[in-house]
Amino acid sequence: MAPSYEAKLSQDGYTYTKGNGLVGGLRTYGVIQPERKIRQTDEGSIWEAIVIGAGYAGLTAARDLVKAGKKTLLLEARDRVGGRTWSAEVDGTTFEMGGTWVSHVHGRLFAEMERYGLKDDVSMTRTENGGCDYFTLDTGSGSRKFTHKEAGEMTARAWRIFIDIDGNSGRDICPLPYSTLGNFRVSPDKVKAVDQLSCRDRIEQIKDQLTADELALLESLVPHCGGGSVEDIGFLEMLRSQALGGYDIATFEEIWTLYKIREGQSTLARRIFDDAVRLGLQYSFKTPVKSIIEEQGIVSIITTSGEKHRAKRVVNTIPIAVLPDIHFDPPLSPLRQEAIKINQVDYLTKIHAEVEGDLRGLRGCTWPGDFLYIYGDGFCAGGKSTRITSFAGDNRGKLDPLKEPERLETALQRFHPMKIKKVVFHDWVSDPYAKAGAAWYRAGFLTKYLAELQKRHGNVLMANADWAHGWKGFIEGAIEQGALAADTVLNEVGILGANPAPGEYQRESRL
Ligand SMILES: Cc1cc2nc3c(=O)[nH]c(=O)nc-3n(C[C@H](O)[C@H](O)[C@H](O)COP(=O)(O)OP(=O)(O)OC[C@H]3O[C@@H](n4cnc5c(N)ncnc54)[C@H](O)[C@@H]3O)c2cc1C
């Protein structure tokens, strides 16, 4: 089937080949050209809403606002939509550079896929009976082969013991994971006590119950999920994600690493954007925001090129790791500033490779190592080579893909011998508009700061997957945040143009 869009060159992403070395910029359906559409008559006017950021949180908010007739401007630093979720088209093959996998438990995301005709248009990462149909495990003394069933059972046993801190698979500590602290089933003190544990602390409690292989699989699965070290990731983070997934490791693959949008995530992001434009959204890409200033209820947005845009309400979707670059006046609350200073801990590296031959059935784990997990991820265009997807945890200071791309090849070879044609990746750590991966936090962070991050700042609604109520650090959480922020704006500046007097709809934000 012909793709819905033409892939255009973005400044984002890299390919590495032995012949050409490292080359910046990849083609994607997410690039928006022309990059700016603001009606002359609206330049300089006060917008009902400005949305900063065209990731899933910003796209959802912008679409919901224009659908309700609000005069809305979208400002985005990059040349494309999607933020930390985007797909590149390289020689006819789709590569997911950031957010990838979709799941039936992500209801808001599936609702968007349904709305834009993509709910049935999914493909699978796993190929049954593909070439190299086994799991390789290398814990330092060479690679050993297991069946997928054997590896799955070892991982599941280790994970169940790890999660089972309350003897009820996390149900007693996290009975209502959208409301970790504020629910009536468990006392906040109990949750706070668990939140003091890092994943390392929890592993120390249970490691004697595990075999050496189970321990290696657990120690690598935690950074694979959370993008940081077992020392840096808080245990409550893992418990909460398990609770959101239904308390059962048996559904882990279906939720985390199985289904993808066949045409790529940028197709969905693009359809939301195009729908919003059809409904009147105005926008400016390649427009980084520098300052957010509120005076007498009106918010002024100053861009790095010195432009000023004013609005009654702003939906700010800039991720936590980038917020220190933004000047706020009035300043953010001391507690929020403290949270931003501590920041998140996900510095995940995700690398794709096109390799010769059929390795579609391959999976593997190396621990310790430069790369943690590998997935055979279907054939590349032409059906003679395989797309490999691989993850490392926080590799800062250990393996910089921009400085030593040739070492990526060596790291991948440790999983399995392979002839690599090209490597494709996005370096999220050096990306000035992400500065990190999906958001995971240290022990003690959730119970102290999450509620503060979710609060509004005057007439600026803060909306990002990094502090979602539910699927924090997922596409689902971004859509949740965009939808909630748009709803708050609509309640305050009036639905369908019926603007109330200032203050009439003032109420504590639901964000
Ligand atoms: C490697 C990786 C793998 C992942 N895998 C999955 C997965 O499989 N499934 C899943 O559900 N989730 C996954 N995630 C998480 C998911 O991608 C994110 O949670 C989600 O995309 C965040 O969306 P958002 O809109 O909240 O933030 P973002 O996507 O970060 O959007 C924020 C937008 O703001 C823009 N911006 C930043 N600074 C400025 C500025 N100064 N001025 C103007 N604009 C600015 C950015 O360019 C960006 O477009 C993954 C993330 C990464 C990095």
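# Exercises on domains and the ligand shell

The C-alpha centres of domain 1 and domain 2 lie 31 Å apart. The model is a predicted one.

**Exercise 1.** State which residues make up domain 1 and domain 2, and describe the contact between them.

Solution. 
- Step 1. Domain 1 consists of 33-86, 265-343 and 436-493, and domain 2 of 146-256.
- Step 2. Counting C-beta atoms within 7 Å as contact, 13 residues of domain 1 are in contact with 19 residues of domain 2.
- Step 3. Sorted by class, the domain 1 side that touches domain 2 has seven nonpolar, five polar and one charged residues.

**Exercise 2.** Describe the shell around the ligand by its nearest residues, its helices and its residue classes.

Solution. 
- Step 1. There are 39 residues around the ligand, and those that come nearest are Gly 53, Gly 55, Gly 83, Gly 99 and Ala 478.
- Step 2. At least two residues of the shell come from helix H1 (56-67), and at least two from helix H13 (475-493).
- Step 3. H13 gives the largest share, four residues.
- Step 4. By class, the shell has 21 nonpolar, 13 polar and five charged residues.

**Exercise 3.** Find the annotated feature "domain: Amine oxidase" and give the helix and strand content of its residues.

Solution. 
- Step 1. UniProt, in an unreviewed entry, places this feature at residues 57-490.

Terms used:
Residues numbered from 1 in each chain as written. Predicted model: local features only at pLDDT ≥ 70, side-chain atom pairs only at ≥ 80, totals over all residues. Near = placed C-beta within 6 Å. Nonpolar A, V, L, I, M, F, W, Y, C, P; charged D, E, K, R; others polar. Domains from an automatic or database assignment. Contact = placed C-beta atoms within 7 Å. UniProt positions renumbered as here; feature names shortened; annotations may be inferred.
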